[in-house]
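Open the model in your viewer and keep the sequence panel beside it. The tour below goes stop by stop, with what to select and what is there.

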Amino acid sequence: TGKRGRKGRKGKGGRKKGRRGRGRRGRRGRKKGKRGSRRGRRFPSAGLSRGTGATGEPAEAMKRVLVCEGPGCTPNCCNKMYASLKRNLNPDAYRISRVNTKKLRNDKWLAECVALVIGGGYDNNFLKNIGNDGAALIQRFVQDGGTYIGLCAGAYYACDQVQFQKGTKQESSGERPLKFYPGTCIGSVVPNFAETRGKKPAAIPITIPSSRVPGFPQGGTIQAYVDSGGYFSAYSSYTTDKFPNLKSVENLAMFEKREDCARPAAVVKCNIGDKGGSAILSSVHVEF
C-alpha cells in the first residue's frame, strides 16, 4: 500500500509538472502576442516597429542630446534641464542622455550627437575637467554642424573672455577656450549677488525682439531667472584670425539698459562654420 501511495503521489506530481510546463508555454505565447499588439497600437498608420520607416526601410538612428553632469555642473540645474528636454522633445526622434564632463575628452560622445548642453555650475571646473582636448572636440562638433547650448556657467565657458565679480573675493576672469562668442561675458547681473548667491535665483525682466524666438512672434518682455549669469558685452569685430569659423551673432534677448552697457544681451546665438553649426548661449535659466 505504501508503494502504491508513493507512486500515486509521483503520478500526481508528474501531472502537475506537466500542467505547469504547459502553463508557462501558454503564458509566454500570450505575452509575446501582447507585445506585438502593443507595437501595432503605437504605430497604427503603418503597423511598423521602431526599427523601420514608413517605406519599410531601416529608420534613421535616433538623435542624441547630451546633458553634462559631474565636476563643474550643479546637480539641480542638470536635473531640471534634463527633465525639460524630456518634456519638450519628441521621444521618437531624440534620445536624451547624460554625459560626465570628463568624458568629453574622448570623441566617443560625438556619435549621433546633435546637441550638447552645459548648464549652471562653475566654469573654472570646466577648464580643469573638460580640458583642452575636450574643448577642441566641442569646437569640432559645432563646426561640423552640431548645436552647443550653454546656460549660465556653460555660457561663460563659451565666450572669448570672462569677467565675473571683478574686484571681489569671488572674482574669476580670463580667457576661455571655445570662443563661440567673440566678446566678454560680464557678471553677475544680479544686484547684491554676494549676499543672495545660492539662496534663490532672481527674476529679472528680459526683452525678446520680435520674430527672433519661436513662440514670441510679436516679441515682448518676460521675467526670467538669473543666478550668477552675466551679460554679453558688445564687441568691435570678429573678423580676425581669433574667430575663423564665426559667421554671425544674433541677439535673441536683452537685459534692461545698464550704466556700463547700453544694450546688454541676455541670450545670443552664434552661427559657426559652413555646416549649420550654432552655439546658443543664455545667461538666464530657461530650464527653471
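In which loop is Ser-188 found? Ser-188 is in the loop between E7 and helix H5 (193-196), where helices (H or I, at least four residues) and strands (E, at least two) are DSSP runs numbered from the N terminus.

Before going on, note that this is a predicted model, in which local features need pLDDT of at least 70 and side-chain atom pairs count only at pLDDT 80 or more, while totals for chains, interfaces and linings use all residues. Residues are numbered from 1 along each chain as its sequence is written, and side-chain values use heavy atoms, with hydrogens and water left out.

**Whole chain**

Show the chain as a cartoon: it has 5 helices and 13 strands. Of its 288 residues, 39% count as buried (buried is under 20% relative accessible area, exposed over 50%, partly exposed in between, with a 1.4 Å probe and protein chains only). Among contacts (heavy atoms within 4.5 Å) with a separation of 6 or more, 64% are between residues 24 or more positions apart.

**Backbone exceptions**

Most residues other than glycine have a negative phi, and most peptide bonds are trans. Select Gly-187 and Ser-188: the peptide bond joining them is cis, with omega about 0°.

Next select Gln-165, in the loop between strand E5 (159-164) and strand E6 (172-175). Its phi is positive, near 50°. Gln-165 counts as buried because its relative accessibility is 12%.

Then go to Lys-179, in the loop between E6 and E7. Phi of Lys-179 is also positive, near 60°. With a relative accessible area of 16%, Lys-179 is buried too.

**Gly-183**

Move along to Gly-183 in strand E7 (residues 181-187). Is this residue, Gly-183, buried or exposed? Gly-183 is buried, at 5% relative accessible area. Leaving aside neighbours within four places in sequence, Gly-183 is in contact with Cys-159, Asp-160, Gln-161, Ser-233 and Tyr-235.

**Helix H2**

Select residues 75-88, which form helix H2. Its 14 residues should span 20 Å at 1.5 Å a residue, and the end C-alpha atoms are 20 Å apart, so the two agree (the expected span is 1.5 Å times one less than the number of residues).

Colour Cys-77, Cys-78, Met-81, Ser-84 and Leu-85, which are buried in H2. They cover an arc of only 130° around the axis, so they are on the same side of H2 (the arc is that of the directions from the helix axis to the C-beta atoms). An α-helix has 3.6 residues a turn, so residues three or four places apart point the same way. Pro-75 and Arg-87 are exposed on the other side of H2. The buried residues of H2 pack against E1, strand E2 (94-100), E3 and strand E4 (147-151).

**The cavity**

Which residues line the largest cavity? Select Val-67, Cys-68, Cys-73, Thr-74, Cys-77, Cys-78, Met-81, Val-117, Ile-118, Gly-119 and Gly-120. Strand E1 (63-69), helix H2 (75-88) and strand E3 (113-118) are the elements giving two or more residues to this lining, and H2 gives the most, with 3 residues.

Methods
On a 1 Å grid over the protein atoms alone, a cavity is a set of points where a 1.4 Å probe fits but cannot get out, and a pocket is an open set with protein on both sides within 12 Å along at least five of seven lines; lining residues have an atom within 4 Å of a point.
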